[in-house]
Amino acid sequence: MTESRDRLTLPEVETLAREAHAAQRDKAGRPYTEHLAAVAEGVRIRGGSEEQIAAAWLHDAVEDDALSAEWLAGAALPQEVKDIVLAVTKRPGEEPETYTRRILATPGALLVKEADLAHNADPARLAALEPATRTRLTAKYARVRELLGLTAPDVPPKRRD
């Protein structure tokens with residue numbers, strides 16, 4: 001992310017996201033911030049830009065009411081980050097086809113959603129869920145991957161350090 005005095009830095013975005021989601025737990029009871037960190041790391045290892053990494057930290061903030069759409073609109077963030085966050089924010093009652101078309105139409109959003117789906121569909125993460133929930137979510141994630149043209153479950157590349 002281009003550093004500017006009037007823009008939040010990537011570490012500031014991470015801190016903000018961690019604070020906004022601090023009380024939230026995922027379906028398996030784990031701290032939700034673990035998911036955010038995994039998605040941000042997934043974007044990073046896939047070669048994502050700093051804007052995409054920032055959007056990964058914030059990808060569920062509006063959808064989960066951790067931060068408001070009004071906050072996002074006024075936030076000191078590049079428009080690209082805001083656009084990606086809004087693209088991956090599922091609206092109540094929205095059809096998967098509408099949702100995925102918006103992601104595909106928004107530059108940078110597909111990579112963030114790919115990393116999100118990869119973590120959501122991680123077999124170890126799904127194994128912690130009750131069988132009915134695991135089955136429902138596995139089908140849901142497969143359908144979204146299909147609509148996005150990501151037909152095979154994503155396995156992130158090995159970290160290169």
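The model is predicted, with local features requiring pLDDT of at least 70 and side-chain atom pairs counted only at pLDDT 80 or more, whereas totals for chains, interfaces and linings use all residues. Residues are numbered from 1 along each chain as its sequence is written, and side-chain values use heavy atoms, with hydrogens and water left out.

Helix pairs are considered before single residues. Two packed helices are described by the angle between their axes and the distance between the axes. Helices here are DSSP runs (H or I, at least four residues), numbered from the N terminus. Axes are lines fitted to C-alpha atoms, for helices over the stretch in contact, and angles run from 0 to 180 degrees between N-to-C directions.

Helix 2 spans residues 32-45, and helix 3 spans residues 50-58. Their axes come within 8 Å and cross at roughly 160°. Helix 2 and helix 3 are therefore roughly antiparallel (angles over 145 degrees; under 35 is roughly parallel, 65 to 115 roughly perpendicular and the rest oblique). The crossing of helix 2 with helix 3 is right-handed (the near helix is turned clockwise from the far one by less than a right angle; anticlockwise is left-handed). From helix 2, the contact (heavy atoms within 4.5 Å) involves Thr33, Leu36, Ala37, Val39, Ala40, Val43 and Arg44. Helix 3 contributes Gln52, Ile53, Ala56 and Trp57. By class, this contact of helix 2 with helix 3 has 8 nonpolar, 2 polar and 1 charged residues. Nonpolar covers Ala, Val, Leu, Ile, Met, Phe, Trp, Tyr, Cys and Pro; charged covers Asp, Glu, Lys and Arg; the others, Gly among them, count as polar.

Gln52 sits in helix 3. Its relative accessibility is 11%, so Gln52 counts as buried (under 20% relative accessible area; exposed is over 50% and partly exposed lies in between, with a 1.4 Å probe and protein chains only). Leaving aside residues up to four places away in sequence, Gln52 touches Val43, Glu80, Ile84, Gly108, Leu111 and Val112. Gln52 and Glu14 are 38 residues apart along the chain, and their C-alpha atoms are separated by 12 Å. Glu14 belongs to helix 1 (residues 10-20). With 27% relative accessibility, Glu14 is partly exposed.

Leu8 lies in the segment before helix 1. Leu8 is also partly exposed, at 24% relative accessibility. Its C-alpha atom is separated by 11 Å from that of Val81, 73 residues apart along the chain.

The axes of helix 7 and helix 9 come within 11 Å and cross at roughly 155°. This makes helix 7 roughly antiparallel to helix 9. The crossing of helix 7 and helix 9 is left-handed. Leu110, Lys113, Leu117 and Asn120 of helix 7 meet Tyr141, Val144, Arg145 and Leu148 of helix 9. By class, there are 5 nonpolar, 1 polar and 2 charged residues in this contact of helix 7 with helix 9.

Lys113 is placed in helix 7. Lys113 is buried, with a relative accessible area of 9%. Residues up to four places away in sequence aside, Lys113 touches Val88, Tyr99, Ile103, Val144 and Leu148. Lys113 and Thr89 are 24 residues apart in sequence and 10.0 Å apart in space, C-alpha to C-alpha. Glu114 is likewise found in helix 7. Glu114 is buried, at a relative accessible area of 18%.

Helix 6 (residues 96-105) has buried residues Tyr99, Thr100, Arg102 and Ile103. They cover an arc of only 155° around the axis, which puts them on the same side of helix 6. The arc is that of the directions from the helix axis to the C-beta atoms. The face of helix 6 turned away from the buried side carries exposed Arg101 and Ala105.

Most residues other than glycine have a negative phi. Asp65 has a phi near 60°, a positive value in a residue other than glycine. Asp65 lies in the loop between helix 3 and helix 4 (69-74). Asp65 is exposed, with a relative accessible area of 69%.

Notes:
Helices (H or I, at least four residues) and strands (E, at least two) are DSSP runs, numbered from the N terminus.
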